[in-house]
Amino acid sequence: MKQEIPYIYATKPYMKVMFKTIVEKIDILSDEITDDKNFWYNIEECEGSLFGKYARLRLIERVDSEKLSFRDLKENGLKAAPQDPMRVRE
């Protein structure tokens, strides 16, 4: 099986792809995930998000390149800031 390499886009003020990760595990249930309630502003939203399946990602590297900025990505075909998963083609 080919290993998936998700890149994560950071919103304002950065507005660029900043993290390269690797998928370590998929189809994780909520009782197996890391408790991150301390990072939520709204605990009710956090608790409401605990349904479905999750994936565990591991950071490979932090990337800081203007070539991955929203401006440059738009110049190369990106229509809008990424807000959902998307596959990148050549």
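Strands β1 and β2 form a hairpin, with five residues between them. β1 covers residues 7-10. Follow the pairs across the gap. Y7 stands opposite K20 in β2. Y9 faces V17 of β2. A10 has K16 as its bridge partner in β2.

Now look at the turn itself. P13 sits in the loop between β1 and β2. The peptide bond from K12 to P13 is cis, with omega near 10 degrees. M15 belongs to the loop between β1 and β2 as well. Its phi is positive, about 55 degrees, although M15 is not a glycine. Why do these details deserve a second look? Most residues other than glycine have a negative phi, and most peptide bonds are trans. M15 has a relative accessibility of 29%, so it counts as partly exposed.

D27 lies in strand β2. The phi of D27 is near 60 degrees, and D27 is not a glycine. D27 is partly exposed, because its relative accessible area is 49%.

Next comes the sheet as a whole. In which order do its three strands lie? The order is β1-β2-β3, the pairing is antiparallel, and the sheet is open. β1 and β3 (54-62) stand at the edges. Each has a single partner strand, so one side of each is left without a neighbour in the sheet. Neighbouring strands of this sheet are turned by 45 degrees against each other on average, direction ignored. β2 and β3 pair over seven bridges, in the antiparallel sense.

Step back to the order along the chain. The protein chain has two helices and three strands. From the N terminus on, they run β-β-α-β-α. Helix α1 covers residues 43-48. Helix α2 covers residues 70-75.

Between β2 and α1 there is a loop, and Y41 is found in it. Is Y41 buried or exposed? Its relative accessibility is 90%, so Y41 counts as exposed. Y41 and V17 are 24 residues apart in sequence and 24 Å apart in space, C-alpha to C-alpha.

E47 counts as partly exposed because its relative accessibility is 39%. Ten residues along the chain separate E47 from K37. The C-alpha atoms of E47 and K37 are 8.4 Å apart.

Go on past β3. S69 lies in the loop between β3 and α2. S69 has a relative accessibility of 5%, so it counts as buried. The cut-off for buried is under 20%. Which residues does S69 touch, leaving aside its neighbours within four places in sequence? They are M15 and K16. This leads back to the hairpin: M15 is in its turn, and K16 is the bridge partner of A10.

Contacts like these can be counted for the chain. Residues 24 or more positions apart account for 56% of them.

What about overall form? The C-alpha trace spans about 40 × 35 × 20 Å along its principal axes. The radius of gyration of the protein chain is 15 Å, whereas a compact globule of 90 residues would have one near 12 Å. Of the 90 residues, 17% count as buried. The chain exposes about 8100 Å², and carbon and sulfur atoms supply 52% of that area.

Last, consider confidence. The protein chain averages a pLDDT of 88. Of its residues, 97% score at least 70. Which element has the lowest confidence, and which the highest? Confidence is lowest in helix α1, at a mean of 88, and highest in β3, at 94. Keep one caution in mind. Where pLDDT is low, the predicted coordinates should not be read in detail.

Key: Residues are numbered from 1 along each chain as its sequence is written. This is a predicted model: local features need pLDDT of at least 70, side-chain atom pairs count only at pLDDT 80 or more; totals for chains, interfaces and linings use all residues. Side-chain values use heavy atoms; hydrogens and water are left out. Two strands pair if DSSP finds at least two bridges between them. Helices (H or I, at least four residues) and strands (E, at least two) are DSSP runs, numbered from the N terminus. Axes are lines fitted to C-alpha atoms, for helices over the stretch in contact, and angles run from 0 to 180 degrees between N-to-C directions. The radius of gyration is taken over C-alpha atoms; the globule rule is 2.2 Å times the number of residues to the power 0.38. Buried means under 20% relative accessible area, exposed over 50%, partly exposed in between (1.4 Å probe, protein chains only). Contact means heavy atoms within 4.5 Å. Accessible areas come from the Shrake-Rupley method with a 1.4 Å probe; for residues, only the protein chains shown count as cover. pLDDT is the predictor's confidence in each residue, from 0 to 100.
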